[in-house]
Amino acid sequence: LELECAASGRGGRVRRCNGGSWLQVSPSRFELLRLLAEDPSNGQRQALFRHFKILGPDEDREATVQEKNRLAKLACDLSKFLSDPRLLGAKGNRSVRLDKKADCYTLGPVRVLVRDP
């Protein structure tokens, strides 16, 4: 399955590559999708904590449970968005996954093409 995403005025838009209408996605969910689509190494949890300002750039500590949950909720919300029938449907369930061994988030069996605005 392939999705196409593009930045818009507020956040971004996502649709299936074979056409269809664009669905609006929030800025933070769009940013997570864009990061994971552009390069799988962007999914490292420590890097995401800093990118989404959950941890400061100079903080060199382990994230608290609450901070880990903030990032997990963002990933879960993106997975729910992608499971919209107009996008991936049931196949989109858990399309954003946490690999605990590698400590990084990854996209499941979906290819995302990021378009320049």
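Asp103 is partly exposed at 27% relative accessibility (buried means under 20% relative accessible area, exposed over 50% and partly exposed in between, with a 1.4 Å probe and protein chains only). The model is predicted, with local features requiring pLDDT of at least 70 and side-chain atom pairs pLDDT 80 or more, while totals for chains, interfaces and linings use all residues. Residues are numbered from 1 along each chain as its sequence is written, and side-chain values use heavy atoms, leaving out hydrogens and water.

Asp103 meets Arg45 in a salt bridge (2.7 Å, N to O), the term denoting a side-chain nitrogen of Lys or Arg within 4 Å of a carboxyl oxygen of Asp or Glu. Arg45 belongs to helix H2 (residues 45-51) and Asp103 to the loop between strand E4 (96-99) and strand E5 (104-107), so the pair ties together parts 58 residues apart in sequence. Helices (H or I, at least four residues) and strands (E, at least two) are DSSP runs numbered from the N terminus. Arg45 is buried, at 15% relative accessibility.

The structure holds 11 salt bridges. In one of them, Arg115 pairs with Glu4, with the closest N and O atoms 3.1 Å apart. Arg115 is in strand E6 (residues 111-115) and Glu4 in strand E1 (residues 2-7), so this contact ties together parts 111 residues apart in sequence. Glu4 is buried, with a relative accessible area of 11%, whereas Arg115 is partly exposed at 36%. A network of salt bridges links Glu4, Arg15 and Arg115.

Glu38 and Arg34 form a salt bridge at 2.6 Å, N to O; both lie in helix H1 (residues 27-38), four residues apart.
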